[in-house]
Amino acid sequence: MQTHYDAIVIGSGISGGWAAKELCDRGLKTLVLERGRDVQHIKDYPTMSLRRWDMDLRGENPRSTSEANPLISRAAGYDATTKHFFIKDEDHPYVQEKPFLWVRGYQVGGKSLIWGRACARWSPMDFEAPKRLGYGIPWPIGYDDVAPWYGHVEKFIGVCGSKEGIATMPDGEYLPAYELNAVEQHLQKTLKEKFGRHYISGRWAHITEAQEIHRKQGRATCQNRNLCMRGCPFGGYFSSNASTLPWAQKTGNLSVRPFSVVHSIIYDEATQQASGVKVIDANTHEELVFKAKVVFVNASALNSTLVLLNSTSKRFPNGLGNDHGVLGKYVGFHNYRAGMSAEIEGFEDSYYEVYKPAESIIPNFRNVDKQDADFLGGYVIFSGASRRLIDDNDAQGETIGAKYKQAISRPGKWTAYMYMQGETLPNASNHVRLSPDKKDPWGIPQLVISVGYDDNAERMVRDFLGEGRKMLEAAGFTNVNANDNHWPPGLDIHEMGGARMGTDPKTSMLNAHNQMHLCKNVFVTDGACMTSTGSQSPSILYMALTARAANYAAEQLKKHGRIV
Amino acid sequence: MDRRELLRAIAALTGCAFVGAERIFAAAPDSAVYTPAQVALLDEIAETILPRTDTPGAKDAQVGAYIARYSAACYNPTDLAVLRAGLGDVDVRSYKAHGTDFIRCTGKQKEMLLVDIDAEAKRHAREAADRHAQPPHWFTLCKQLTLMSFFTSEAGATRVARYRPVPGPYKGVVPYKGEPFWAW
């Protein structure tokens, strides 16, 4: 067994896959460690082409599955067609000091198989806001540092979207956008005219028109089957499995080791760098050590933080690079607490064909240039309109029989929904730490999660509930049904922070290149690195930061033979 | 549409595309809880709601058997009991009105019975201040199950609704002239 590599990547999800691709492209022998099983593109998508009636419960889980998995079964998209890409509750215990539903997908590809695929860019303001408005430490980078890497990633993964010239949501390198339907266009017009706000087709990781770079990956144009989370036989949406990992494989530089639970990163006092990674084989529980010149930590925000906390040494008794106690703190997430739906008369001569796998987005309009709301941070709104299906209110007064069958099989009244995705503030009290006594089945301390909403989040929810209603009513919608779901954090699947970036080593873990201040050959480029959460979906930022850091690391190795 | 974001939204907003989906998290026994006679009755009720016309009806889609299987596997005990009690009640009412059990009524009689029961179920739903506080009317459950079973069956999805397994390019705006909806 080979134990020495140029680079080790911990995790094979959306950012780990990108680390592997970039490092392999730069000629580095790279080992990807994945704690779960292998999932090969297409071959290991058992449900990808099943029709509803091929399945015992038409794709739903029996109650017994939900009973056995009260936590993970609440994850969006979890059903009988996708549950093999989520963990089972009993296999992976952790401690909820406050309610936090931690959604995990342990397999090669991680949660990139089951992600939401929204891919808007952060704006310059998003990077600047925490410092300018005084709610966090400054980011060590700005939009200009990331912009070329956004483009690099967008072109490779395939992101659809329209060029809009909106300052709060910069344009990228996009494939053709999904067309808005009649009522979405009506919302777009109304918001522009009455509010000066934007309502645009979402920027989504779908290949709406395959380019040479996608064909080289073996991927084709999205066929709009809307069965994404089962895994796509066309590679129509981006996942590590369909894209970065097979690409890296083709370089001949990649090794992937599934069933490899990372215990810790090994610190070498002599070199003052990491020498490698200690792994527990998930099946045999055998302890293994792999060595490398550089380590990328991409285990997902909270697991990356866990690995660092568990990487103790004489020099770092409280976790790798953690002289100041910042590690594990300032954990953020996205506030998805509120949504609403409403009905609108008219537009009955219009329909769509068939369903699109993307949504519309209203970019953040709060606290953009100045503080203009009673809360800090911003939120974006996801939205869509569709014709209601199978609702007796649309059955023209029929309730039973042939005429009812005719009426109920037609599309009904138009409805629209909106829901928020809100920034949360970096609070030191929102933290994770290692349990002093509880261990997981591999002997690794369980993670204690202590993360909750603050008053700012409550005020933001109220603002959205008011603004959303105003916008819908201004567009002529009625019966607005608004709702604060009071979800615990975690279900957003956007956990961020724990090992944040910053300019000052006294208050942060990572520098402007996602490199640990105190252990230069360790890079953390997943959600753990986030200095603030912003309001945009974060995955593409992780990909961009990963590509940027990986190229920086490769450059260093080329120049110096080691990371300096 | 199975997107993570949309599912989030649906759960957040309506709380229920279908009662069954929402109530999936509670507990109940597993095993076949319906007799063949009850499955036949479910078929008969479903066929009355969605009869065969120039397109397939509920029986063509074997809706009765599917409702039995689905509710046994997915419903919580309360809803399951409500549904099963309703099946008993429909025969009681059928005897009262027409002197025979539901399955032996004429098509017209069946339809009239269910029209009345449907109106009653809708009143019940309106009057229930909090839908979660009291069990739904059995016919609300039965009708939702019928519709869900039918439109997720091959016959319902492909021959009554419209179904495209591999749609290809998406069009946001197409003229609508009364066609069936797209199966999902």
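Mentor: In this predicted model, helices are DSSP runs of at least four residues and strands are DSSP runs of at least two, numbered from the N terminus. By that rule, chain A has 11 helices and 18 strands.

Trainee: What makes the radius of gyration of chain A agree with that of a compact globule?

Mentor: The rule is 2.2 Å times the number of residues to the power 0.38. For 564 residues the rule gives a radius near 24 Å, and chain A has 23 Å, so the two agree. The C-alpha atoms of chain A fill a box of roughly 80 × 55 × 50 Å along the principal axes. Buried residues make up 57% of chain A. Of the contacts in chain A with a separation of 6 or more, 71% are between residues 24 or more positions apart.

Trainee: Why is Gly319(A) called buried?

Mentor: A residue is buried if 20 or more other C-beta atoms lie within 10 Å of its own, with C-beta atoms placed from the backbone. Gly319(A) has 26 such neighbours, and therefore counts as buried. Gly319(A) sits in the loop between helix H8 (301-309) and E9 of chain A. Leaving aside residues up to four places away in sequence, Gly319(A) touches Leu308(A), Leu309(A), Ser311(A), Thr312(A) and Leu327(A). Its C-alpha atom is 9.2 Å from that of Thr305(A), a residue 14 places away along the chain.

Trainee: What makes the phi of Arg58(A) and of Asn367(A) worth a remark?

Mentor: Arg58(A) is not a glycine, yet has a positive phi of about 55 degrees. Asn367(A) is likewise not a glycine and has a positive phi of about 55 degrees. Arg58(A) is in the loop between strand E2 (30-33) and H2 of chain A, and Asn367(A) is in the loop between E11 and E12 of chain A.

Trainee: How do you know whether Arg58(A) and Asn367(A) are buried or exposed?

Mentor: The cut-off for buried is 20 or more other C-beta atoms within 10 Å. Arg58(A) has 22 of them, so Arg58(A) is buried. Asn367(A) has 22 C-beta neighbours inside 10 Å and therefore counts as buried.

Trainee: Where is the cis peptide bond that involves Val354(A)?

Mentor: The bond joins Glu353(A) and Val354(A), with omega of about -10 degrees. Val354(A) is in the loop between E10 and strand E11 (360-362) of chain A.

Trainee: Why are E4 and E16 of chain A said to stand at the edges of their sheet?

Mentor: Six strands form an open antiparallel sheet in the order E4-E11-E12-E13-E9-E16 (chain A). Strand E4 (200-201) and E16 each have a single partner strand, so one side of each lacks a neighbour in the sheet.

Trainee: What makes E12(A) and E13(A) a pair?

Mentor: Two strands pair if DSSP finds at least two bridges between them. Nine bridges join E12(A) to E13(A), and the strands run antiparallel. Within this pair, the bridge partner of Ala385(A) is Ala416(A) in E13(A).

Trainee: What makes E10(A) a partner of strand E1 (residues 171-175) of chain B?

Mentor: The requirement is again at least two bridges. Three bridges join E10(A) to E1(B), and the two run antiparallel. Ser350(A) has Pro175(B) as its bridge partner in E1(B).

Trainee: How many residues of each chain are in contact with the other chain?

Mentor: Contact requires C-beta atoms within 7 Å. By that test 63 residues of chain A are in contact with 55 residues of chain B. Elements that each supply at least two residues of the side of chain A touching chain B include helix H2 (63-68), strand E9 (338-344) and H9 of chain A. That side of chain A has 29 nonpolar, 19 polar and 15 charged residues.

Trainee: How do you know that the span of helix H3 (residues 36-49) of chain B agrees with its length?

Mentor: The expected span is 1.5 Å times one less than the number of residues. H3(B) has 14 residues and should span 20 Å; its end C-alpha atoms are 20 Å apart, which means the span agrees. Among the buried residues of H3(B) are Val39(B), Leu41(B) and Asp43(B). The buried residues of H3(B) pack against partners that include helix H9 (402-408) of chain A and helix H4 (63-74) of chain B.

Note on methods
Residues numbered from 1 in each chain as written. Chains lettered and ligands numbered in written order. Predicted model: local features only at pLDDT ≥ 70, side-chain atom pairs only at ≥ 80, totals over all residues. Buried ≥ 20, exposed ≤ 12 C-beta atoms within 10 Å, placed from the backbone. Contact = placed C-beta atoms within 7 Å. Nonpolar A, V, L, I, M, F, W, Y, C, P; charged D, E, K, R; others polar.
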